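Please read the points below with the model open beside them.

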Amino acid sequence: MHELSIVSSVVEQVIESLEKYPGARVTEVRLKVGALASVVEDSLQFCYGIATDETPLEGSRLVVNIVPVTVHCAACGSEGPIESLQSFRCPSCGEPASDIRHGRELEIESIEIEEAEQVEL
Ligand SMILES: [Zn+2]
C-alpha cells in the first residue's frame, strides 16, 4: 500500500529526530501533503496507527495538511491555485499551465513531543 510506505518513512524520520530527546514521547505529527501526492487521508490515518504501534509515536495524533496545487503561467507570469485537478489552467488568464509549483509536497511540517517525565524523589 502506497500510504503504508509513506507513513513508515515518516515514522522512521521522527524516530531519528527523537535521538536528541531520550525518553521523549511524540504527541503530534503534522504532515504537509500536496493535493497531487495522491494519498487518501483515511488510509494515512489507518496506516499511522499500525506503523506507530510499539514506537515512541504510539498514541500520537497525525495531522494532515493538504497543500493546494498551484501553477505558474508562462503566458501571463502569474502563479496561483488551480480551480480543480481536472483543469490545469492559469487562474488569472485561463491559459493551460503545466508548470506545477506546489501540490507534490510530502513532508513533515512539525513534531510535538513530551519530554520524559521527571522522577520524583
Ligand atoms: Zn496566465
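**Notes on the sheet, its helices and its salt bridges**

1. Helix α1, residues 2-17, lies across β1 and β6 and runs at about 45° to β6. Contact here means heavy atoms within 4.5 Å. Axes are lines fitted to C-alpha atoms, for helices over the stretch in contact, and angles run from 0 to 180 degrees between N-to-C directions. Helices (H or I, at least four residues) and strands (E, at least two) are DSSP runs numbered from the N terminus.

2. The model is predicted: local features need pLDDT of at least 70, side-chain atom pairs count only at pLDDT 80 or more, and totals for chains, interfaces and linings use all residues. Residues are numbered from 1 along each chain as its sequence is written, and side-chain values use heavy atoms, with hydrogens and water left out.

3. The open sheet has three strands in the order β2-β1-β6, with mixed pairing; two strands pair if DSSP finds at least two bridges between them. β2 (61-67) and β6 (106-114) stand at the edges with a single partner strand each, so one side of each has no neighbour in the sheet. From one strand to the next the twist averages 15°.

4. Strand β1 (residues 25-34) and β6 run antiparallel and are joined by eight bridges. V26 has I113 as its bridge partner in β6.

5. E28 is buried at 8% relative accessible area, while R30 is partly exposed at 29%. Buried means under 20%, exposed over 50%, and partly exposed in between, with a 1.4 Å probe and protein chains only. A network of salt bridges links E28, R30 and R61.

6. E107 and K32 also meet through their side chains in a salt bridge, at 3.8 Å from N to O. E107 lies in strand β6 and K32 in strand β1, so the pair ties together parts that are 75 residues apart in sequence. E107 is partly exposed, with a relative accessible area of 39%, and K32 is partly exposed at 28%.

7. The side chains of R101 and D99 form a salt bridge at 2.9 Å, N to O. R101 is partly exposed at 39% relative accessible area, and D99 is partly exposed at 34%.

Terms used:
A salt bridge is a side-chain nitrogen of Lys or Arg within 4 Å of a carboxyl oxygen of Asp or Glu.
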